[in-house]
Amino acid sequence: MGNKNSLERIFTLEKLAGHACPVWERIMPEWMNAIRSNVPPERLREFKSLLSDMFDPVVSPFKVPMDVVMAFIKNGFESGSESLQRQTLTWLQILSELDIIIKIHMLVNMLQLAMDSLQNPSLEDPHSEPPSPVHQGDILNAGQWSTVLESESTLASFIMMLDIIVKQDAILLASVMA
C-alpha cells in the first residue's frame, strides 16, 4: 500500500517541521481525495491509526490548534464550489467512518459555511448537474456516498451533513460511555 507509506512519511516530516501550514493546506486535500477515490471501503480501516494521529485532538502528537489542522477542510467549504464542498463532505465522512472526533464547535462552524454557500445561488457551481430524485428506502453505505455526492443535488449535501453529525454524535457518546 504505497499511498499509506507515502502519507506516513509526509506526516513524519510535518511533525518534524512543526506543521508547516501552507504545505499542509496544499497536500491534505490531495491525500484525502486520493483516499476517497482509491481506497476501497473495506481497506479504509488501514488508515485509521495514521489519520487519528493527524486529526484526533485526543491522540494527535501535534501541539498545533485543531482549527489549524482542519483549515484545509474549512477552506473547501469556503470555496463556493458545490463540487469542492461535496468532496470536502466526503473527507469529513471518511474521518467520521474512522471514529475520529471532530470538535463540535468546529464541525458546526464548517457545516454552517457549507450551508450558507449552498443556499446562496450566487455561489453555486455553474457546472453542477441538475438534481435527480431521492427515492424513499434508498440506503447507502459509506462507500457509495462519494458516488451520490458527485451526481445528486444540494439535498445530498445536506443529507451528508446530517450523516456526519449523527456519526460524530455516536463517536462522542461511545467515548463517554467507555
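This is a predicted model: local features need pLDDT of at least 70, side-chain atom pairs count only at pLDDT 80 or more; totals for chains, interfaces and linings use all residues.
The side chains of Arg45 and Asp99 meet in a salt bridge, with a distance of 3.9 Å from N to O, and this pair links distant parts of the chain, its two residues lying 54 residues apart.

**The contact between loops**

- Arg45 sits in the loop between helix H2 (21–38) and helix H3 (48–55), whereas Asp99 belongs to the loop between helix H6 (82–97) and helix H7 (104–119).
- Arg45 is partly exposed, at a relative accessible area of 46%, and Asp99 is likewise partly exposed, at 38%.
- The contact extends to a further residue, in that Arg45, Lys48 and Asp99 are linked in a network of salt bridges.

**The pair in helix H5**

- Lys74 forms a salt bridge with Glu78, and the closest N and O atoms of this pair are 3.7 Å apart.
- Because Lys74 and Glu78 are four residues apart in helix H5 (residues 71–78), about one helical turn separates them.
- Lys74 counts as partly exposed at 39% relative accessibility, and Glu78 also counts as partly exposed, at 43%.

**The pair in helix H9**

- Lys167 forms a salt bridge with Asp163, for which the closest N and O atoms are 3.0 Å apart.
- Lys167 and Asp163 are four residues apart in helix H9 (residues 154–177), and are therefore separated by about one helical turn.
- Lys167 is partly exposed, with a relative accessible area of 21%, while Asp163, at 17%, is buried.

Methods: Residues are numbered from 1 along each chain as its sequence is written. Side-chain values use heavy atoms; hydrogens and water are left out. A salt bridge is a side-chain nitrogen of Lys or Arg within 4 Å of a carboxyl oxygen of Asp or Glu. Buried means under 20% relative accessible area, exposed over 50%, partly exposed in between (1.4 Å probe, protein chains only).
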